[in-house]
Amino acid sequence: MTELRLSHTAELGRATLKAARALLAKVFEGDFTDHDWEHALGGMHAVVWDGDELIGHASVVQRRLLHGARALRAGYVEGVGVRADRRREGHGAAMMAALERVVRGAYDLGALGSTDEAMPFYAGRGWKLWQGPCSALTPNGITRTAEDCIYVFESELALDLYGELTCDWRDGDVW
Ligand SMILES: CC(C)(COP(=O)(O)OP(=O)(O)OC[C@H]1O[C@@H](n2cnc3c(N)ncnc32)[C@H](O)[C@@H]1OP(=O)(O)O)[C@@H](O)C(=O)NCCC(=O)NCCS
């Protein structure tokens, strides 16, 4: 029996945080940095347990995205991964459904940077691929970034998918 739980970082507890980080390190095959982990903290986590084994993790954290002269409150999805031997069982979809409810209820829009592999997964859930230029608000001003895999989700705002989207600053990968 699997169980999906939704909790804030503050409520997860050390053991679960450790298990989630270990899971993501395996899922991303060593290409998961300290910054990547830090980016996934400070918001709501959807985790899937099978007994005492953690088999899925995804989280949503708040970021500011500049678009059309506005600073939008974005629910930014991070650290999405399902253990390799438990994929295509619906766990990724269940975690995203939980986080999308958070996005709808708390943010102007959802956003995320996808891996190539996961693009059909997000597109199939109604996330829209950003078509315009992306940039970051760096300590040296707005700097163009080379992203072509940014997805956005359900906004009541009139987003121009071909316009510019600028993310706030952080260490590690800015998107
Ligand atoms: C992306 C990922 C989280 C999906 O998790 P999952 O539990 O396998 O996803 P689900 O079983 O809920 O899939 C739901 C639907 O998404 C689509 N989908 C999922 N993975 C897909 C893939 N690799 N290719 C194409 N479509 C995919 C399918 O339509 C699937 O429905 P179906 O199985 O009935 O055809 C998982 O493949 C993963 O951990 N990948 C490696 C890490 C990664 O790339 N994470 C994304 C970071 S942005």
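1. A residue is called buried here when its relative accessible area is under 20%, exposed when over 50%, and partly exposed in between, with a 1.4 Å probe and protein chains only. By that criterion, buried residues account for 45% of the 175 residues in the protein.

2. The model is a predicted one, in which local features need pLDDT of at least 70 and side-chain atom pairs count only at pLDDT 80 or more, while totals for chains, interfaces and linings use all residues. Residues are numbered from 1 along each chain as its sequence is written, and side-chain values use heavy atoms, with hydrogens and water left out.

3. The protein contains 5 helices and 10 strands, these being DSSP runs (H or I, at least four residues, for helices; E, at least two, for strands) numbered from the N terminus.

4. As to overall dimensions, the C-alpha atoms fill a box of roughly 45 × 30 × 30 Å along the principal axes. Of the contacts (heavy atoms within 4.5 Å) between residues at least 6 apart in sequence, 70% join residues at least 24 apart.

5. The protein exposes about 9,200 Å², of which carbon and sulfur atoms supply 49%; accessible areas come from the Shrake-Rupley method with a 1.4 Å probe.

6. Strand S7 (residues 134-138) and strand S8 (residues 141-145) run antiparallel and are joined by 5 bridges, and S7 and S8 form a hairpin with 2 residues between them. Within this pair, alanine 136 stands opposite threonine 143 in S8.

How values were computed
Pairing = 2+ DSSP bridges.
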